[in-house]
Amino acid sequence: QVQLVESGGGLVQPGGSLRLSCAASGSIFSIYAMGWYRQAPGKQRELVATITNDGSTNYADSMKGRFTISRGNAKNTVYLQMNSLKPEDTAVYYCSARDYEYDYWGQGTQVTVSS
């Protein structure tokens, strides 16, 4: 079992920055990839970024160049650095983790970009 807890969401102005954190616990040694997804009201959940244990990353086109995903040295944390934030980035952001059997999800953290 893997448990994920996100933190760091909040209200920021357009053009501002925010860093989200995700702490993993439980059977973390089986995790081979982690990622961030987001969901705005009335919309489908969408990919933001993923990272594998070897450090390979993938980003949605709209996030590339603005967002950076990284994992801590202990591999039990994942971060999402968000720069140049736009109002359309407003959503609940979810941390995810994948092992050989299952996908795991955190509870989500709200990010609101508004002046």
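Tutor: A disulfide is counted here when a pair of cysteine sulfur atoms lies within 2.5 Å, and in general terms such a link is a covalent bond between the sulfur atoms of two cysteines. The model is a predicted one, and by this rule the count comes to 1 disulfide. That disulfide joins Cys-22 to Cys-95, with a distance from S to S of 2.2 Å. Cys-22 lies in strand β3, which covers residues 18–26, while Cys-95 lies in strand β9, which covers residues 91–98, so the pair ties together parts that are 73 residues apart in sequence. The torsion about the S-S bond of Cys-22 and Cys-95 is about -80 degrees, and therefore the disulfide is left-handed.

The secondary structure of the protein chain comes to 11 strands and 0 helices, so that, read along the sequence, the pattern is one β after another, β-β-β-β-β-β-β-β-β-β-β. The radius of gyration of the protein chain is 13 Å, close to the 13 Å that the globule rule gives for 115 residues, so the chain is as compact as a globular protein of that length. Along its principal axes, the C-alpha trace of the protein chain spans about 40 × 25 × 20 Å. Among contacts in the protein chain between residues at least 6 apart in sequence, 51% join residues at least 24 apart.

The protein chain exposes about 6,200 Å², of which carbon and sulfur atoms supply 47%. Its side chains include 10 positive and 9 negative ones, and the centres of the two sets lie 6 Å apart.

Ser-7 is partly exposed, with a relative accessible area of 39%. Leaving aside residues up to four places away in sequence, Ser-7 touches Arg-19, Leu-20, Ser-21 and Thr-109. The C-alpha atoms of Ser-7 and Arg-98, which are 91 residues apart along the chain, are separated by 19 Å.

How values were computed. Residues are numbered from 1 along each chain as its sequence is written. This is a predicted model: local features need pLDDT of at least 70, side-chain atom pairs count only at pLDDT 80 or more; totals for chains, interfaces and linings use all residues. Side-chain values use heavy atoms; hydrogens and water are left out. Helices (H or I, at least four residues) and strands (E, at least two) are DSSP runs, numbered from the N terminus. The radius of gyration is taken over C-alpha atoms; the globule rule is 2.2 Å times the number of residues to the power 0.38. Contact means heavy atoms within 4.5 Å. Accessible areas come from the Shrake-Rupley method with a 1.4 Å probe; for residues, only the protein chains shown count as cover. Lys and Arg count as positive and Asp and Glu as negative; His and the chain ends are not counted. The place of a charge is taken as NZ of Lys, CZ of Arg, CG of Asp or CD of Glu. Buried means under 20% relative accessible area, exposed over 50%, partly exposed in between (1.4 Å probe, protein chains only).
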